[in-house]
Amino acid sequence: MVNQTPEQRARDLIDRQLDASGWIVQNKDKINLGAGLGVAVREYQTDIGPADYILFVNKKPVGVIEAKRKEEGVHLTWHESQTEEYAASKLKYLNNEPLPFLYESTGDVTHFFRLFRPKTTLP
């Protein structure tokens, strides 16, 4: 991991954490959404550019992770609008709905928020 940018170091940490949590981490050029229940695809193309990670559960896109360098840990919420743009964008090859689970992470610090709330009916 010599001569890596701060963003590359953050992605390495995020990769290891996803793997330790049971996610199968894949590169965008070797996608196999059937490889497991949870697949995280690096640099997945959206209509606004590549998202750092798109999370798939049972082959369905459900979330996005925006990786940030360690120094941004105290400012992660400043990046919510960027993450929201990826979550609302169309994913290449898919006719997806907006993604509900959004994360910004340095690998050391992770901020999670849910953009969309499910519709519920009260008794």
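Entry 1, terms. The model is predicted.

Is Ser89 buried or exposed? I read a relative accessibility of 4% for Ser89, so this residue counts as buried. I then listed what Ser89 touches, leaving out residues up to four places away in sequence: Thr46, Asp47, Ile48 and Asn96. The Ser89 side chain also reaches the backbone oxygen of Tyr86, at 2.7 Å. I checked Leu99 as well: ten residues separate Ser89 and Leu99 in sequence, and their C-alpha atoms are 8.5 Å apart.

Entry 3, salt bridges. How many salt bridges does the model have? I get a count of three.

I find a salt bridge between Arg11 and Glu43, with 3.8 Å between the closest N and O atoms. Arg11 belongs to helix α1 (residues 6-20) and Glu43 to strand β2 (residues 38-46), so this bridge ties together parts that are 32 residues apart in sequence. I note Glu43 as partly exposed, at 25% relative accessibility. Arg11 is partly exposed too, with a relative accessible area of 24%.

I find a salt bridge between the side chains of Arg11 and Asp52, at 2.9 Å from N to O. Asp52 sits in strand β3 (residues 49-57) and Arg11 in helix α1, and this pair links distant parts of the chain, 41 residues apart. What is the relative accessible area of Asp52? I read 6%, and buried means under 20%, so Asp52 is buried. I record Arg11, Glu43 and Asp52 as linked in a network of salt bridges.

I find a salt bridge where the side chains of Asp15 and Arg42 meet, at 2.9 Å from N to O. Which elements does this pair link? Asp15 is in helix α1 and Arg42 in strand β2, distant parts of the chain that are 27 residues apart. I note Asp15 as buried, with a relative accessible area of 14%. Arg42 has 21% relative accessibility and therefore counts as partly exposed.

Definitions and conventions
Residues are numbered from 1 along each chain as its sequence is written. This is a predicted model: local features need pLDDT of at least 70, side-chain atom pairs count only at pLDDT 80 or more; totals for chains, interfaces and linings use all residues. Side-chain values use heavy atoms; hydrogens and water are left out. A salt bridge is a side-chain nitrogen of Lys or Arg within 4 Å of a carboxyl oxygen of Asp or Glu. Helices (H or I, at least four residues) and strands (E, at least two) are DSSP runs, numbered from the N terminus. Buried means under 20% relative accessible area, exposed over 50%, partly exposed in between (1.4 Å probe, protein chains only). Contact means heavy atoms within 4.5 Å. A polar contact is a pair of N or O atoms within 3.5 Å; within protein, one must be able to donate a hydrogen and the other to accept it, and residues adjacent in sequence count only if both atoms are side-chain atoms.
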